[in-house]
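Work through the exercises below with the sequence and the model in view. Each task is followed by a solution in steps.

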Amino acid sequence: MNTLKKTLAEMQAEIRDCLDAVSDQAVEQAVEDILSAGKIVLAAAGRSGAALRAGAIRLRHLGIDAYFMGETSTPPVGPGDLLIVGSGSGRTQSVLAQARKAQQAGTRLLLITIDPASPLAESADTVVVIPASSPKAEGPAQAKTSIQPMASLFEQCLFLLMDALVILLMNRLGATSEDMFKRHANLE
């Protein structure tokens, strides 16, 4: 029987190994994409959506014009804007449809995914691969295993990757946590 500490240690090792395999070059390109974008809309379904919703909040705290897809305040996108999509499989139909529509409007696509050969990856301008396991994955990713259920490893890594992107952006923008807190909600 696993103990809490042993289980957490195994989870931490999986997360560390997974994030250690993420390409620094792809992340640097993602930072450039974010910095050069007009508006940014983030889109994902399910638990991936929870991770990107948190990322959108932090981008706004940085003073970046960012929104989460589906919120009533999300503006239209067009040329010069960026759609950041989180999809482990790269095949989520609702997100695939949103990405296609955004690209038809001239919006660039940054994809964070498990599968670099997915339909979303094939059409993305920038792809950041998180090599996690998922029951929805195809190809080599399908063979990976995790002690965590379903796509939990991807979703956790997606959340942490978004926080890491924010820290990289803070460094590039010369922003501090105190600067960001000034943009934090005050009607709680």
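**Exercise 1: helices H1 and H7**

Helix H7 (152-173) is among what covers the buried residues of H1, where covering is by contact, meaning heavy atoms within 4.5 Å. This is a predicted model, in which local features need pLDDT of at least 70 and side-chain atom pairs count only at pLDDT 80 or more, while totals for chains, interfaces and linings use all residues. Residues are numbered from 1 along each chain as its sequence is written, and side-chain values use heavy atoms, with hydrogens and water left out.

Task: find which residues of H1 are buried and where they lie around the helix axis.

Solution. 
- Step 1. Pick out the buried residues of H1, which are Glu 14, Ile 15 and Cys 18. Buried means under 20% relative accessible area, exposed over 50%, and partly exposed in between (1.4 Å probe, protein chains only).
- Step 2. Look down the axis of H1: its buried residues fall within an arc of 95°, so they line one face of the helix. The arc is taken from the directions from the helix axis to the C-beta atoms.
- Step 3. Turn to the face of H1 pointing away from the buried side, which carries the exposed residues Lys 5, Gln 12, Asp 17 and Asp 20.

Task: compare the reach of H7 with its expected span.

Solution. 
- Step 1. H7 has 22 residues.
- Step 2. Past the end of H7 comes Gly 174, with a positive phi near 70°.

**Exercise 2: Ala 43**

Task: decide whether Ala 43 is buried or exposed, and list what Ala 43 touches.

Solution. 
- Step 1. Ala 43 is part of strand S1 (residues 40-43).
- Step 2. Its relative accessibility is 0%, so Ala 43 counts as buried.
- Step 3. Leaving out residues up to four places away in sequence, the contacts of Ala 43 include Leu 52, Phe 68, Leu 83, Val 85 and Val 95.
- Step 4. Gly 70 lies 27 residues from Ala 43 along the chain, and their C-alpha atoms are 8.2 Å apart.

How values were computed. Helix = DSSP H or I, 4+ residues; strand = E, 2+ residues; numbered from the N terminus. Expected span 1.5 Å × (residues − 1).
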